[in-house]
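These are my notebook entries on a two-chain model. I record what I looked up, topic by topic.

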Amino acid sequence: MRRGISAVAMAAAIVLGVTACGGSGSDDTSDKGAAAKDPAAVSGTITYWDTSDAKNEAPTYQALIKDFEAKYPKIKVNYQNVDFGTVEQKFKAAAQSGKGAPDVIRTDVGLIPEYASLHYIAPLDGTAALSDTQDFLAGPMNTTKYEGKTYGVPSVTDTLGLLYNKDIFAKAGITAPPTTWDELIADSATIKAKVPGVAGTYVNPDSYFLFPVLFGEGADLADPAGKKVTINSPEAVKAVTEAKKIYDTSSLKIDFASAYDNMQTSFKTGKVAMLIQGPWSVGDDLTGSAFQGKESNLGYAPVPAGSTGKAQAPTGGHDLAVYQGSKNLDASYLFTQFMTSSASQQTIAGKNGTLPTRTSAYTPEVLKNQTIAGFKPIMDTARPRVALPQVGSLFTPLQQEYIKILQGKSSVQDGLDAAAKEFGKLLPGYTVQ
Amino acid sequence: MTTATMDDPAAGTAARPPREPRPGLMTSIRRSWDRYWYAWAMIAPVVIVLAVLVFYPLGYGAYLSLTNANETNVAKDIGPVHIGATYHWVGLHNYWQVLSGRDGDFYPRLEWTLVWTVACVAITYSIGLGMAMLLNRKVKFRLFYRLCLIMPWAVPAFIGVFAWRLMLNSQYGVFNDIITSVGLPAQDWLGSPLSQKIAVIMVNIWVGVPFMMVALLGGLQSIPGELYEAAEMDGASPRQRFWNVTVPGLRPVTSTVVLLSTVWTFNMFAIIYLLLGNNTTGDTDILVTYAYEKAFTGVSDYSAAATYGIVILLILVAFSTFYRRQLKPEQA
């Protein structure tokens with residue numbers, strides 16, 4: 001009840017604040033339209049937190065900011081690159097106290113519900129930040145929604161796919177990448193038999209990489225509509241049993257302390273034939289002996305399907321969000337709009353090889369990039385994750401139990417039951433079977 | 001020592017006038033202020049710094065542990081928008097959850113924390129003592145050996161830990177390269193909770209031995225040589241000399257380094273967190289890393305993390321007090 005009151009108070013405060021800024025408006029709609037009417041009049045300084053790779057990707061964003069400042073000479077953008085791994089805690093600490101928080105932040109799509117539920121980021125419906133919304137791909141656009149409102153603007157998108165080494169497939173006599181998990185197991189056996197010293201895959205024990213298997217059986221972490229924890233449902237058990245089977249039969253043994261690095265090294269040096277991976281890893285793959293100078297050796301395919309026949313992987317990527325407490329909301333909206341425009345997205349895609357979120361940005365020029373061309377059809381298999389503020393917290397217990405299952409320390413059912421119990425503690429009001 | 005010398009003149013002046021009825025509390029505070037205001041002024045900066053850096057956070061942590069504060073209900077200053085705090089006082093509920101074992105995590109974590117602390121301190125102390133004794137005799141290149149053995153201490157902990165992580169890598173690590181080159185099967189050094197526990201203990205010993213060695217070497221050098229000569233004259237065997245001269249002679253140093261080492265190891269965050277990374281089963285978490293997870297993953301649970309913090313503090317305070325008390329009579 002008290003929380004409800006404070007939410008109302010906050011909404012009132014925001015409306016008052018916007019009115020004060022906009023000045024001329026007399027009714028709600030013209031308030032918000034004020035900035036859009038005359039963007040050239042907006043002035044001030046805004047801070048932008050970028051989480052892109054500081055060495056390879058950031059220069060593209062910095063160049064775009066120069067263009068933005070040229071277009072809107074009265075707005076100055078203070079660019080800061082923040083490490084992706086620590087940005088969540090940094091932003092939350094700054095956002096909570098109101099000191100040192102950025103005006104615009106590039107955020108992982110999975111964090112939108114958390115930030116929105118904590119009131120850190122502003123709803124963007126009807127603001128200048130959102131323009132041409134029907135041009136956005138449905139998957140990335142879905143990641144920006146929380147409780148019916150839009151809290152972000154999609155900037156780049158990605159999903160998991162199956163990357164494979166064409167040379168190894170040719171040596172093993174496999175003509176097409178596997179389309180089901182069982183085919184992946186069979187292909188791995190063929191590869192193991194025909195190409196000595198090469199394993200089928202390298203399972204990533206991070207629970208994010210479990211999603212394609214879960215989705216393939218129609219399972220998910222929880223069901224927000226029915227307020228139920230579903231991680232120990234029969235479908236989920238079936239999915240994790242399959243994942244365990246893949247690990248036991250087809251994968252190199254995981255080094256749990258350095259799983260991601262070892263997985264990448266094994267793939268790019270040709271010790272492993274296929275990986276479930278995202279487009280972000282391709283740049284690294286191309287530096288390895290198996291792909292250096294022969295980019296065409298890298299094959300792209302959708303993730304294999306489960307017994308439901310559906311191949312699905314989580315939608316990833318980044319959205320731009322505006323800090324609710326920004327002192328310069330109008331400039332922040334304009335900046336967000338500029339950075340997510342089709343033209344900007346084409347520049348980013350061309351330079352960084354990341355996938356745009358607008359249909360119009362997939363120009364023939366952009367599709368010349370092999371990673372983008374390879375992943376574009378795979379994006380059709382992407383679906384959003386369950387939009388819960390606690391999703392970040394749910395990953396930890398799931399991952400711990402998943403690792404126990406992979407290590408053979410607990411059975412699939414026991415492990416998932418334990419994870420479900422932990423989920424129940426984190427999701428008040430949810431029933432655990 | 002300084003307090004003793006400061007007290008002495010005070011005691012002298014107080015004794016001079018003939019016996020009066022004891023002054024009231026306020027009077028004595030005022031007198032004390034009149035007499036020592038200068039001393040109070042001199043220590044004021046320290047008191048203020050301690051208050052700001054230690055007592056305030058500690059008090060705030062203790063307060064949070066008695067509430068249900070988490071990130072969704074604490075006060076927020078989001079620019080022009082202020083959202084008031086909506087968390088409330090829950091008394092000792094959090095402590096009850098933890099200490100009754102209801103949260104299901106405290107006792108397993110405590111058990112492993114104790115095993116980890118005892119194993120690390122005992123082994124580190126033994127190796128440190130052994131090395132100190134080796135280096136306490138006249139050998140060639142003694143300085144060189146000492147420098148080499150201090151190296152782990154000079155390397156920043158996180159660099160040392162990452163180096164170990166690379167060496168222990170099961171696919172590309174140097175240890176497996178070595179043992180497979182002599183025909184032994186490759187080992188999965190960090191592949192199961194048990195082997196991970198052994199690995200973190202090993203690395204912590206590697207980090208901790210130099211400090212022990214240096215401290216104990218200092219202790220050994222302060223034992224008078226005459227004691228050993230006298231013992232030798234009396235026909236004591238080397239073993240007897242060790243137990244009856246070296247060990248008692250080291251007692252003051254031992255008691256301090258064991259106490260310090262216990263407190264440090266109990267709260268050794270970096271090694272466990274950095275050596276094992278994120279892909280663990282949670283079995284290798286000690287209390288401190290567990291509390292960190294509470295506070296810094298997803299929607300932060302401040303009250304639970306604060307409760308763990310206070311419980312850790314109480315355990316260590318209780319241990320230190322008990323340990324000191326046990327040692328005092330023997331020293332005297």
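I take helices (H or I, at least four residues) and strands (E, at least two) as DSSP runs, numbered from the N terminus. I note that the model is predicted, that local features need pLDDT of at least 70, that side-chain atom pairs count only at pLDDT 80 or more, and that totals for chains, interfaces and linings use all residues. Residues are numbered from 1 along each chain as its sequence is written, while chains are lettered from A and ligands numbered from 1 in the order in which they are written.

Entry: annotated spans of chain B.
I looked up the UniProt record, an unreviewed entry, which lists "transmembrane region" for residues 36-58, 114-135, 147-167, 198-220, 257-276 and 302-323 of chain B. UniProt positions are given in the numbering used here, feature names are shortened, and annotations may be inferred rather than shown by experiment. For residues 36-58 of chain B I found 100% helix and 0% strand, with the end C-alpha atoms 29 Å apart. Residues 147-167 of chain B are 90% helix and 0% strand, and their end C-alpha atoms lie 23 Å apart.

Entry: a helix pair in chain B.
I examined helix 8 (residues 193-221) and helix 11 (residues 269-276) of chain B, which pack at about 130 degrees with their axes 10 Å apart. Axes are lines fitted to C-alpha atoms, for helices over the stretch in contact, and angles run from 0 to 180 degrees between N-to-C directions. Helix 8 of chain B is therefore oblique to helix 11 of chain B; angles under 35 degrees count as roughly parallel, over 145 as roughly antiparallel, 65 to 115 as roughly perpendicular and the rest as oblique. Among the contact residues I list Gln196(B), Val203(B) and Asn204(B) of helix 8 of chain B, and Ile271(B) and Leu275(B) of helix 11 of chain B. Contact requires C-beta atoms, placed from the backbone, within 7 Å. This contact comprises eight nonpolar, two polar and no charged residues. Ala, Val, Leu, Ile, Met, Phe, Trp, Tyr, Cys and Pro count as nonpolar, Asp, Glu, Lys and Arg as charged, and the others, Gly among them, as polar.

Entry: a helix pair in chain A.
I found helix 16 and helix 17 (residues 412-426) of chain A packed at about 165 degrees, with axes 9 Å apart. Helix 16 of chain A and helix 17 of chain A are therefore roughly antiparallel. Including Leu398(A) and Tyr402(A) of helix 16 of chain A, and Ala419(A) and Phe423(A) of helix 17 of chain A, the contact has eleven nonpolar, two polar and three charged residues.

Entry: the contact between the chains.
How many residues does each chain give to the contact? I note 43 residues from chain A and 32 residues from chain B. Helix 1 (2-22), helix 4 (87-97), helix 11 (259-268) and helix 16 (391-406) of chain A each supply at least two residues of the side that touches chain B. That side of chain A has twelve nonpolar, 21 polar and ten charged residues.

Entry: sheets of chain A.
I traced an open sheet of four strands in the order 8-11-7-12 of chain A, with mixed pairing. Two strands pair if DSSP finds at least two bridges between them. Strand 8 (199-201) and strand 12 (298-302) of chain A are the edge strands, and the twist averages 20 degrees from one strand to the next. Strand 7 (residues 161-165) and strand 11 (residues 272-277) of chain A run antiparallel, joined by four bridges.

Note on methods:
Contact = placed C-beta atoms within 7 Å.
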